[in-house]
Amino acid sequence: MSAFRVHGKGRVNHGRKVGFRFDGTPFEGLEGDTVASALLAHGVHLMGRSFKYHRPRGPVTAGSEEPNALIETRRGIDRSEGRVEPNTRATMAELREGLEAVSQNRWPSLGFDVGAVNDGFHKLLPAGFYYKTFMWPKSFWDKVYEPFIRAAAGLGRSPDAPDPDSYASRYLHTDVLVVGGGPAGLAAARAAAEAGLRVTLVDESSEIGGSLLSEPDVVIDGTPAWDWLAGEVAALAALGVKLMPRTTAIGYYHQNMIGLVERVTDHLAEPDPALPRERLWRVRARQVVLAQGALEKPLIFDGNDRPGVMLAGSAQTYLNRYGVRVGQTAVVVTSHDSAWSAAFDLAAVGTSIAAIVDTRAELREDLLGRAHALGIEVLRGHTVTGTAGRLRVSAITVNPVQSGAVGAGRNIACDCVLMSGGWTPTLHLFSHTQGKLEWDEEGKTFLPFETREDCQIAGAGRGLWGIEAALADGSAMGARAAEALGARVLARSHAVERDRTGSGVAKKELPTLKDLTSTRAFVDFQNDVTAKDLRLAVREGMRSIEHVKRYTTNGMATDQGKMSNINGLIIAADALGKPAPQVGLTTFRPPYTPTSFGALCGYHRGDHFDLTRKTPIDPWAEAQGAVFEPVGQWRRARYFPKPGEDMDTAVARECLTTRSAVGMFDASTLGKIEIVGPDAAAFLERMYTNPWSKLAPDRCRYGLLLGEDGFIRDDGVIARLAQDRFHVTTTTGGAARVLAMMEDYLQTEWPHLKVWLTSVTEQWATIALNGPKARALLEPFVEGLDLTPEAFPHMANGTCTVAGFPARLWRVSFTGELGFEINVPARHGRELWEILWQAGQAHGVCAYGTETMHVLRAEKGYIIVGQDTDGTVTPQDAGLGWAIGKAKPDFVGKRSLSRPDMLVESRKQLVGLLTEDHSKLEEGAQIVLDPSQPIPMKMVGHVTSSYHSQALGRPIALALVEGGFGRMGDLVHVPMEDRTLAARITGTVFLDPAGDRLKM
Amino acid sequence: MLLITCPYCQETLPEAEFVYAGEAHIARPEDPSQVSDEAWRDFLFIRTNPKGPHFERWRHLHGCGRFFNAVRDTVSDRFLTTYKAGEPKPDLATLTGEAK
Ligand SMILES: [Zn+2]
């Protein structure tokens, strides 16, 4: 039997033992325990080490706000590396058979941790330490400071294997969402459900009930609390309320959308592998009732972080919910009445209460009488000036305070200290709504004031204490939510006996005799921020609470300051000499508690992270052993290696074959938009730089699209199929953008134009044949079109059949060779490809991929939008001035081309580059004019494209260079890490400048 | 996630169906060649960026595909109204009065 387990007490199942290990040591707990309660039952308080000073720490709470007791667990059936869960709050982790828990942030062991030397040097690690220390010399950054920070940073260890579990994602629409299953939430759900509304009730705990789970002695309407709770939960279920325990409302988003994370399997010893680990719910609620309750504040005194020092209310929860006494001899330190009931409850099960130390001089008579009856010494108007004990508190020093003077101290031996600085409403979700807070001077805390969301706040969450008040307020707020939805219901009230309401005072750090610089009074336990740090931050000039927070890291740990924010504010306000409401609270942001990436990703992982678009010819390329690359969402064949070939040799062969015989290229990914209507040509005139009205219905033209700012946005060949019909192609990545831009102009600027736009990208498969033998390969399959050069010249288009398939056939080229693009309905793409491939064998055909396409087009100086342009390149800059219809009065971007900055000669212009020593340049490399200038050098441009040219037998490059057109023949320099390359500026057309090969 | 009413579909739908499309009521000049450099600069780049009600364009991309106009309060991130492209600017005083 565990030494600190109280037989028969709590909601744990005393008949069901659960075996687990902590740091390798086997322990036994009970069904219904958390890891924290099970360890406390064995007298184990030491569960972790703090982040900065590696101080020994134990649980200070019994809930999700826990800053200290963070452990590593392994989930599920196999407990594999991918199921490692760092920073599990031991206070929330439900015990299950075989659970392995490991402490964190210590080496070599939890009891003896080398990192604890930091604690001895705490005077060297003050607030803002990182900002002050890692300033200079600059050269120390890479070798000294960064490695140091990285080694010290982080709490817990990230698993380095993929998470094998699955995560689900759901939507839910509900009339009323109630957040929090305590008395207020239960009453709100009941009222709304009785009004006939669809109600959802969520609670982060494993059980619905909230504070009632820790208050078994309360009697509601004549029924003991737990019987009343069981009846109420059953009644809600019968009314159709969706009850969701183990579900955390992580964020309150616009228009009553609440994010919920439901933990489905973590608590199971052998979860069904078909179940997701967690479900993320996106709930749209017509009304929300926030009934999140309140969090107890610690008191700030020297040594308030020693294992064994915990919140009084949490000690009460360990006793009443889990049947665990947190110690043998307790000292209660409080500024609030509520801690007294914790003392009385513990005294009743045999824990000796060595003293109740209250900071207040005036105390309630009934409390004093009860303490007296139990023989508990009461020290009123006292302070705490220190605690002792290495891995567990062993004594506390208390001193009287009279007229502000701290008297002589007295040591009291104890093995636990139960503290309470009063309660602060849980404002997090309310704050997510940008709700306004108001300062409650009496309670020294912020209360929710108003929000634009359709939201009610009930119970302790708005500063109402006691179960009777929470029940009445919850019912009233549930009824108010119902009324807002047009349903009527009467709010109820409940008679509660043995309710333990109370009041208290809020304190800054407790007065002490000691020199303040030597005290270690913790405000933020997880980030090791002390009261002294907060005061130092103010002394060093931090005025805004947001600056104080960032300078000290107060409230920035994974608990997001649930326990530290109000205490931090009170101390900072005191140091600033300002009232707290003027200093204000830092902003709470989602998520309420740490949330797994898995829950947020849901199904969007692996192959489902993003869709992969494949062309009809893709399976053929895959069967041929093509190497693929992603282009936008498309998967494109990059090259087709033969056995033993690497990319360079494959690309060299593909280039040679295409220029000497014929190459086949899958161009199906090109964006395709069909533009139809009596004003189709007029519309294109306005959109593209080129003239379209006089283009004959059997011709194609290169189209250049600018933004209204005059910079190149997209390009592609456009075929006129009929007087009122154009087939527009766009870049592979630009199709959706171009269509959206066209729709924008058509709908909002020129709605009078009679034009219809249709995306047909996936309706057509496009096969490009390039090379001197392209016509010989294609011609036998074509019916209905004369392919002779005279009848079907460069930039002709026609409708015909190819191998019996209906086709739009274009004579265009992106290689500089004789070229055809065959568009057939997508369903025929692969069959046509294979027919041409078979026939092509006699002509020495090759398939080529995007890499060869890039080399061949670069040899001809054809640009790739987005590679050779970057959103600041005009048609003139790119050498495409010829594509502008000079006679056109207007087109998108035309006016911008005459803005003064667009005309200066020093603009970056697209030129060719040939290295002097024939080395290949790096794409993205910067260009300078004088390589011997001091660093940092003036950069005049960069390399945009660079390839080895098979045809030229040397590397070639394209680059954007300031005033490049005026530097033809000049030498520029490209400094690399190990050497500087010299390159000569040339034109962009490296091969066949007269274009003779196109005319074959 | 916001809920947005498409004035064409006459339905209130999640933000994920829509895309933002910049400030509204900035008409492209009928004849840009007659516009001064300064006026063209303003057309291209200068936006009101108000703290408060903002006239802006949205597109029901994953629905009817139509561009429409909206008034959204940039402080509260609430839509005060949405209306069809081409309709006149709604009166702000009326809208904010209604919002109170
Ligand atoms: Zn719509």
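Start by selecting E81(A): setting aside neighbours within four places in sequence, it is in contact with R74(A), R157(A), P159(A), D160(A) and A161(A). Keep in mind as you look around that this is a predicted model.

**Stop 1: around E81(A).** Colour the loop between β5 (70-74) and β6 (84-89) of chain A, and you will find E81(A) in it. Now show side chains. E81(A) and R157(A) are joined side chain to side chain by a polar contact of 3.1 Å. The side chain of E81(A) also reaches the backbone nitrogen of D160(A), again at 3.1 Å. For a sense of scale, draw a C-alpha to C-alpha line from E81(A) to V357(A): the two are 47 Å apart in space and 276 residues apart in sequence.

**Stop 2: the domains of chain A.** Domain 1 covers 1-160, domain 2 covers 167-294 + 425-497, and domain 3 covers 298-421. Further along come domain 4 (514-591), domain 5 (648-856) and domain 6 (904-999).

**Stop 3: where domain 1 meets domain 3.** Hide the rest of chain A and keep these two. Domain 1 of chain A brings 29 residues to the contact, and domain 3 of chain A brings 24 residues. Together they bury about 2,200 Å², with 59% of that area on carbon and sulfur atoms. Select F4(A), H45(A) and V60(A) next: these three supply 27% of what domain 1 of chain A buries against domain 3 of chain A, more than any other three residues.

Then pick out the charges. Two salt bridges are counted between domain 1 and domain 3 of chain A. To see a salt bridge here, select D305(A) and R57(A), whose closest N and O atoms are 2.8 Å apart.

Which elements of domain 1 of chain A give two or more residues to the side touching domain 3 of chain A? They are α1 (35-41) and β4 (56-57) of chain A. Of these, α1(A) gives the most, with four residues. Coloured by class, this side of domain 1 of chain A shows twelve nonpolar, ten polar and seven charged residues.

**Stop 4: a pair of rings.** The whole structure holds 20 aromatic pairs over all chains. For one of them, select W692(A) and F726(A): their ring centres are 6.5 Å apart and their planes are at 85 degrees, so the pair is edge-to-face. This pair links distant parts of the chain, 34 residues apart, with W692(A) in the loop between α19 (680-687) and β37 (700-706) of chain A and F726(A) in strand β39 (residues 725-730) of chain A.

**Stop 5: chain B.** Bring chain B into view and count two helices and six strands. Follow chain B from its N terminus and the order is β-β-β-α-β-β-β-α. Its C-alpha atoms fill a box of roughly 40 × 30 × 20 Å along the principal axes.

**Stop 6: where chain A meets chain B.** Select the 27 residues of chain A that are in contact with 25 residues of chain B. The two chains bury about 2,400 Å² between them, and carbon and sulfur atoms give 46% of it. Five salt bridges are found across this interface. Zoom in on D744(A) and R57(B), which form a salt bridge with their closest N and O atoms 2.6 Å apart. Finish by selecting helix α20 (residues 735-749) of chain A, which gives the most to the side touching chain B, with seven residues.

Note on methods
Residues are numbered from 1 along each chain as its sequence is written. Chains are lettered from A and ligands numbered from 1 in the order in which they are written. This is a predicted model: local features need pLDDT of at least 70, side-chain atom pairs count only at pLDDT 80 or more; totals for chains, interfaces and linings use all residues. Side-chain values use heavy atoms; hydrogens and water are left out. Domain bounds come from an automatic or database domain assignment. Contact means heavy atoms within 4.5 Å. Buried area is the accessible area (1.4 Å probe) that two parts lose on being put together, summed over both. A salt bridge is a side-chain nitrogen of Lys or Arg within 4 Å of a carboxyl oxygen of Asp or Glu. Ala, Val, Leu, Ile, Met, Phe, Trp, Tyr, Cys and Pro count as nonpolar, Asp, Glu, Lys and Arg as charged, and the others, Gly among them, as polar. Rings of Phe, Tyr and Trp (its six-membered ring) pair if their centres lie within 6.5 Å; planes under 30 degrees apart count as stacked, over 60 as edge-to-face and the rest as tilted. A polar contact is a pair of N or O atoms within 3.5 Å; within protein, one must be able to donate a hydrogen and the other to accept it, and residues adjacent in sequence count only if both atoms are side-chain atoms.
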